[in-house]
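Subject: Structure handover

Hello,

Please find the structure below, with the sequence. My notes on it come after.

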Amino acid sequence: METCPLAIVGVDENGDVRRWSRGAERIFGFSGAEVIGRPLPTLPPGGEDTLQDLVAAQLSGDFHQAIEVVQQRKDGNPVHLRLWISSIPGDGDREVLLIFEDITAHVRAKEERSDLLARESAARAQIKAERRFRELLEAAPDAILEVDHQGRIVLCNAVTEKIFGYKREDLLGHQVEMLLPDALRKVHSSYRAGYWARPLTRPMGSGLELFGQTKDGTQIPVEISLSPVKSDEGFRVTAIVRDVTERKRTDEQLRSIQRRYTEELTAKNRELALRNQEVESANRLKSEFLASMSHELRTPLHTIIGFCELLIEELEGPLNKKQERFLGHIHQDSNHLLELINDILDLSKIEAGRLELRPETFSVSAAVDEALATIRPRAAAKSIHLDNRAGGGEIRADPVRFKEILLNLLSNAVKFTREGGKVWIEQHREPHQVTISVSDTGIGIPPEEHQTIFDTFYQVGATTKGIREGTGLGLAITKRLVALHGGSISVESEPGRGSRFSFTLPLAIEEAGQPVRRARPRPLVLVVEDELPARELLVNFLEPNGYDTATASGADEAIEKARALLPDVITMDILMPGKSGLQALRKLRKLPETENIPIVVVSVMDEVQSALSLGASEFLTKPVTKETLLSAIRKYVKPRPPDRGHVLVVDDEPPCLQLAEEVLGAAGYIPLLAPSGAEALSVLQQQRVDAIVVDLMMPEMSGFELIFRLKAHVEWKDIPIVVLTGKQLSPADLELLRRETAAVFLKGSGWREQLVGQLRTLLGPNAAAGAMGDS
């Protein structure tokens, strides 16, 4: 044990040292006198428990492989060791031998080798990166040069040779001024000095037209971006030069086209203005004619009918039978003529937009009884039974026009029903509208005439008397009156089986404590989807195509919003946290206010039968396309896009104009494009504009000058202005723009959503109607 080069240490079960070899003295630096009978002094802080565990395990008979440990020398330095543990058999005190081999040199050699490999790998990666950088440099579409502090070219790529016509060896080491026009070479050195005084990454000559000069002396328009670079040789500047010759040529062609278009547009606008004046004059004359017609025709008829009725009452003496018959003809024909005049005047008012509704809240049943009482004498003459099955409830509409609608439909029903037939009125109420039907057992209408019967002056055929009666205006007026109330009219009929005319009117009051759907400029779709991306996708399918949307992320929220909003359609996912879409579907179908709302299920789950059995109107399987979704929604409600907002975009860069046109068009706005401030002012003189998007960096007239001109003009000063620019703005610029504009966005990432969101805030969500051609 004393001659062994390894450290051999014996410890008892408490961890106190019992044996200490010469190898232990050499490795650890402690003598035997210093450690015998004491706890092992080489343990690192916190190592006592680990030693106790190893000793206890060995004494209990567990076998241990060699392990690597770190101990401390007497001088405090760490030592890396390989440790074997063995128990000493005997009947006395139990003892465990700890045998240590010093492997510090081996560990250090291993670490040095790992470090060397890491440095070698890093060097290879750097070489590879430099090679890749060189490849990218040569593959770049623009000329790239690196210039030192003295203005010498120290690096350039192949495109530099191609653009300027020099060989690379002719450029390296020479002054960068050799690539400039002769007139600018002398002053460029002062520009370089100014840049080095404040080296920033920025475009060169902002707002100016820059030119380079090729080897053969040709000047070419360029764009230059400058970036300072720190290298081992000191600061340098990297210049990226883009040849914009082709773009300038294209810009000039576009400006020429724009000028021609503007001239043509100006001429057409003049022509349109003349036509508008003619239309306004014609409308004014028509209104004057209607006013005159109303007075000149109704006044004499009023006296004719009045005096005829007085004579029929025999107030001035009895009449003979012949006189009674003559007066009856006069009275009947005068009333018929008055009805015809009223119909013509009403139709003219409707078409001219001069018929105003005066809505009131009234009882449907009472209004139906009144209409039936008016038509009852005609029905009694043919022994036709009239029945009011409309039931109770109230509606808000123009009571005079509502009665006119009923009388037109009842008159036709009696006119085309044989003696002894039936005519009845029914009512079906839904959460958002009421449907009123006038049915009869009359001669019926062929299917091919179901649409044409609503045309002006169209008569379906002979009545039950074998003759044509009426003017063919009743149904045309009825359809227009229903439309003015926001409803629609339809017919179900077959020859010999009677007819059923049904018209709808939107409810505008609350009944039995239930919310009522209000009239909307666009249909509302409630999108129920727990995943935000999927929810946003469906919203983006719907809103640009004529629908407003509300969203819910769970079943309970969906039920609450459906009851509060009464949407026109609901799209429902099945897989949602908590309550599933099927449970929400079952609940919505049980609620009286939501039981008739169409529900389109959009889900990855194959639950078609379950969904349809619970009342789903449609089942679409994800992923769903825009066309599929819109086609399903249109089965139940048609889109009604409002007028689209006109947004003027002013930018001298055609790609920027094209991009803005696509973004605004997709968002539902009508983009108007102007490549300069002067063109923008020309557009404003000819076209209504709701908002203006302006770039600041433009030749001839900058964006700042354009903004000042707009604010100084009495007709344009209130148009919202949004700045979209790539210019680096100073604090003074920002302060000025905050005062004069609605928002400032920088070209780059994220501006599209911000711009569209700002326009919706400024103009309102209904100013952006979807591009219906995409639907």
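The model is predicted, so local features need pLDDT of at least 70 and side-chain atom pairs count only at pLDDT 80 or more, while totals for chains, interfaces and linings use all residues. Residues are numbered from 1 along each chain as its sequence is written, and side-chain values use heavy atoms, with hydrogens and water left out. Helices (H or I, at least four residues) and strands (E, at least two) are DSSP runs, numbered from the N terminus.

Aromatic pairs

There are six aromatic pairs in the structure. A pair here means rings of Phe, Tyr or Trp (its six-membered ring) with centres within 6.5 Å; planes under 30 degrees apart count as stacked, over 60 as edge-to-face and the rest as tilted. For F362 and F402, the ring centres lie 5.4 Å apart with the planes at 55°, so this pair is tilted. It links distant parts of the chain, with F362 in strand β12 (residues 360-363) and F402 in helix α11 (residues 399-415), 40 residues apart. F402 also pairs with F503, edge-to-face, at 6.2 Å centre to centre and 65° between the planes. That pair joins helix α11 to strand β18 (residues 499-506), where F503 sits, 101 residues from F402. F362 and F402 are both buried, as is F503; buried means under 20% relative accessible area, exposed over 50%, partly exposed in between (1.4 Å probe, protein chains only). Elsewhere, ring pairs link W20, F28 and F100 into a cluster.

A390

A390 lies in the loop between β13 (385-389) and β14 (394-397). Its relative accessible area is 6%, so A390 is buried. Leaving out residues up to four places away in sequence, A390 touches V364, V368, I425, E426 and Q427, where contact means heavy atoms within 4.5 Å. H428 is 38 residues from A390 in sequence, and 7.8 Å away in space, C-alpha to C-alpha.

Helix α18

Helix α18 (residues 654-666) has 13 residues and reaches 18 Å from first C-alpha to last, close to the 18 Å expected at 1.5 Å a residue; the expected span is 1.5 Å times one less than the number of residues. L657, A660, V663, L664 and G665 are its buried residues. They pack against β24 (646-650), β25 (670-674) and α22 (751-763). After α18 comes G668, with a positive phi near 100°.

Regards
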